[in-house]
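Welcome! Take a moment with the sequence and the structure shown here, and then we will walk through some of the parts together.

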Amino acid sequence: MKHAVVALIAGVIVYLTTRDGLVLHALGSAGLDAPDVIRFHLPDALWQYAFCMTVYAIWRDLRTLALPLALGLVAEATIGTFDPADVVALVAGALGASLQIGIARRSAALRSESSA
Amino acid sequence: MKRTLYTVLASAVFLAMLTATKKRRKPREAGSIPKLTIPSTTGWASHEVAGIRFVTPPNATVTRADQLPAIRIQLASGKELAFSPTAIDIPARRSSWSTDFVMFDAPDAAIVLHELGSGDECQALACSSVPVLGSPLCIDGFSRNNDECTQVVAIARSIQPR
């Protein structure tokens, strides 16, 4: 869950500091210059990562990551622009979450083995 | 049950976040607006209806009527046009548009691009070069197809009193 919160905060910071013209910018914008991959795609990946980590924190089952990924893709197609690079970012975010979960599970297993 | 509820709540929160970061439609850059050319009317069909003469593109059909605003011109795509019941003040209408979106600009005609949520649409405003019953006869037509907007201008320019 901690990872999800950190990813969300990072995503919001990227949005607020490097983008403008979004609904969120009713709150203000710093208008910093950044490469497109950071401005446009990193927040999508972070959002998807945080969503996957949150759902995993609830279910503790890797298979449930399909739900946030599916919702992310549907939302991208309806609310978003379904830019192929955004889709890649969403899949990367979900893969990043499953990788992170895999690493965390493995280190937990190793810890329990060494303590046994 | 509790986990399902938490999942629904989490999904709602995440989707709300996505809505808050929804991209507003980005205005087009001036250079990306196409400049249109009015087609030659060579080979177009000539019609004489209700005291006027005009040409239409191939495969267009004209529904005859006694009154000018009741005449209907159906283009090959099925798009229907009608003459405006009153003359259109094109310079006045044009001044209310952003110049970035004007695709064709002439004293007697203008084609403007409208960006709608459902896609782009062109609007053609065109009047006859000569007065018909005391004032220019005009057409105000909308289309998803830029070629149809240029055809509207060509039709309007061809109008002559019989």
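How many residues lie between S8(B) and S9(B) in their hairpin, and which residue in the turn has a positive phi?

## About the model

What you are looking at is a predicted model. Its scores are ipTM 0.75 and pTM 0.51. For chain B, the average pLDDT is 86, and 90% of the residues score at least 70.

## The hairpins of chain B

Now back to the opening question. Two residues lie between S8(B) and S9(B) in the hairpin, and B:Leu133 in the turn has a positive phi of about 55 degrees.

On to another partner of S8. Strand S7 (residues 109-116) and strand S8 (residues 119-132) of chain B pair over eight bridges, in the antiparallel sense. Here B:His114 has B:Glu121 in S8(B) as its bridge partner. S7(B) is also joined by four bridges to strand S6 (residues 102-106) of chain B, and these two run antiparallel. A hairpin connects S6(B) to S7(B) through two residues. In this pairing, B:Ala106 stands opposite B:Ala109 in S7(B).

## Two open sheets in chain B

Let us turn to the sheet with the order S1-S2-S10 in chain B, an open sheet of three strands with antiparallel pairing. Strand S1 (45-49) and strand S10 (160-161) of chain B are at the edges, and each has a single partner strand, so one side of each is left without a neighbour in the sheet. S1(B) is joined by five bridges to strand S2 (residues 52-56) of chain B, and the two run antiparallel.

## A helix pair in chain A

Two packed helices are described by the angle between their axes and the distance between the axes. At what angle do the axes of H3 and H4 of chain A cross? The axes of helix H3 (residues 66-78) and helix H4 (residues 84-115) of chain A cross at roughly 165 degrees and come within 10 Å. Because of that angle, H3(A) is roughly antiparallel to H4(A). The crossing of the two, H3(A) and H4(A), is right-handed.

Which residues meet here? From H3(A), A:Leu69, A:Gly72, A:Leu73 and A:Glu76 meet A:Asp86, A:Val87, A:Leu90 and A:Ala94 in H4(A). Sorted by class, the contact of H3(A) with H4(A) has five nonpolar, one polar and two charged residues.

Terms used. Residues numbered from 1 in each chain as written. Chains lettered and ligands numbered in written order. Predicted model: local features only at pLDDT ≥ 70, side-chain atom pairs only at ≥ 80, totals over all residues. Axes fitted to C-alpha atoms, helices over the stretch in contact; angles between N-to-C directions. Parallel < 35°, antiparallel > 145°, perpendicular 65-115°, else oblique. Left-handed = near helix turned anticlockwise from the far one by under 90°. Contact = placed C-beta atoms within 7 Å. Nonpolar A, V, L, I, M, F, W, Y, C, P; charged D, E, K, R; others polar. pLDDT = per-residue confidence, 0-100. Pairing = 2+ DSSP bridges.
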